[in-house]
Amino acid sequence: CFDKYIFIHEIPRRFNYDYLYDCKYIVHRWHDTCASLDNEGLGQPFGNSSTWFATNQHSLEVIFHNRIKRYRCLTTNPLKAAAFYAPYYPGLDFSRYMLDSYNTSVRDADHLDFLKFLRAKPEWNHMGGKDHFMVTGRPAWDFHRLRDDNFLWGNNLMLRPESRNMTIVTTESGLLETNLFAIPRPTFFHPSNDKQVYNWMKKVRAQKRSTLFAFVGAPRLNLNTSIRSELMEQCNASKNACEMLDCSQDLCFTPQNVMNIFLRSVFCLQPSGDSPTRRSTFDSIVGGCIPVFFSRTYEQYLWHLPQDIFSYSVIIPDNDIKEKLVNIESILREVPNERVLRMREVVISTIPRIIYRHPKGKFDSIEDAFDVTIRKVIERIESLKQE
């Protein structure tokens with residue numbers, strides 16, 4: 001554990017556990033928000049499975065907290081700490097007020113109090129918070145409200161001086177700040193040991209794929225920039241080559257519905273969602289399905305996805321789709337089989353790095369998304385110390 005110790009701040013319950021206790025006030029596109037945050041953030045198990053859960057894509061901060069509480073290199077001695085973790089749940093805080101017309105003072109109240117509390121801790125003074133990190137399960141743009149205008153989206157957590165000193169791990173950075181780092185959204189798959197991972201990868205490799213490409217998602221009818229309607233139109237036109245699961249019918253909350261399509265498909269269309277990236281991409285990787293992107297936004301996942309985006313994905317410019325200049329089926333049929341096999345192998349080999357194991361499990365030879373993140377956070381803080 002030398003140079004790997006983490007110190008977890010003890011913070012008031014109002015900044016984490018009370019959000020879970022009052023889960024009925026948290027807004028998610030989920031039938032039962034409270035159920036989706038059960039089992040240490042994994043949600044409800046699917047059937048009798050111990051590895052598959054109906055996991056909410058915004059539950060990362062809860063999963064991460066429960067993992068780090070079992071991290072093997074914890075310390076209560078701040079002098080030994082390589083990094084300091086602040087277990088605030090900013091995404092759940094944000095979600096309480098995201099859809100109603102709360103004024104900015106209400107939306108900002110908890111994170112301002114939290115930062116004030118943290119700033120007063122003696123451990124903060126050592127590096128002014130630059131050896132601290134926190135995690136959020138929502139995209140960074142939710143925390144970048146530029147003005148105190150009640151009609152603007154979100155809060156201003158990440159614009160505060162204290163936050164800018166910290167390393168912030170988020171499900172999507174996509175911004176210019178150098179202290180923000182994107183890590184994978186949670187998938188449905190949470191194995192407990194190495195064998196379960198290797199058995200799944202073996203199953204994915206052996207899978208016969210009868211569908212050329214698939215789309216799992218819902219249209220964005222009120223979003224002019226979205227290409228989802230065009231993708232669904234092309235999928236319907238390619239009846240023998242494309243399979244679609246319309247998430248507006250509430251079919252995508254069941255892991256089996258989603259994963260069966262990904263397992264049957266060679267390529268999976270991954271347009272932007274409510275933000276430039278989406279959780280479905282990581283589920284499709286778990287299924288061994290080669291993602292088709294319409295921009296290069298996934299290059300922000302520096303720690304977990306291959307640096308060469310073309311080694312594991314196909315990119316079709318979204319403008320070409322919007323202007324009806326290309327036919328997706330034709331493009332994908334032109335990809336040589338040798339390249340398809342290479343890309344699929346890269347996708348499958350990436351699975352361990354983008355999943356979050358069960359908090360009560362143990363990996364012996366595998367680094368999962370949590371392990372990679374902790375290692376990279378400590379490396380970054382060490383470089384700041386050297387500077």
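Helices α7 and α13 cross in a right-handed way (the near helix is turned clockwise from the far one by less than a right angle). This is a predicted model, where local features need pLDDT of at least 70, side-chain atom pairs count only at pLDDT 80 or more, and totals for chains, interfaces and linings use all residues. Residues are numbered from 1 along each chain as its sequence is written, and side-chain values rest on heavy atoms, with hydrogens and water left out.

Helix α7 covers residues 194-206 and helix α13 residues 337-354; the two pack at about 165°, with axes 10 Å apart. That makes α7 roughly antiparallel to α13 (an angle over 145 degrees, on a scale from 0 to 180 degrees between N-to-C directions). Helices here are DSSP runs of H or I with at least four residues, and strands are E runs of at least two. Among the residues in contact (heavy atoms within 4.5 Å) are Trp 200 and Met 201 of α7, along with Ile 348 and Pro 352 of α13. The contact residues split into 7 nonpolar, 1 polar and 2 charged.

On to the cysteines: the count comes to 4 disulfides, taken as pairs of cysteine sulfur atoms within 2.5 Å. One joins Cys 1 to Cys 73, S to S 2.1 Å. The torsion about its S-S bond is about -75°, so this disulfide is left-handed. Cys 1 sits in the segment before β1 and Cys 73 in the loop between α3 and β4, so the link ties together parts 72 residues apart in sequence. Cys 73 is buried at 1% relative accessibility (buried means under 20%, exposed over 50%, partly exposed in between, with a 1.4 Å probe and protein chains only), while Cys 1, at 32%, is partly exposed.

How values were computed:
Angles under 35 degrees count as roughly parallel, over 145 as roughly antiparallel, 65 to 115 as roughly perpendicular and the rest as oblique. Ala, Val, Leu, Ile, Met, Phe, Trp, Tyr, Cys and Pro count as nonpolar, Asp, Glu, Lys and Arg as charged, and the others, Gly among them, as polar.
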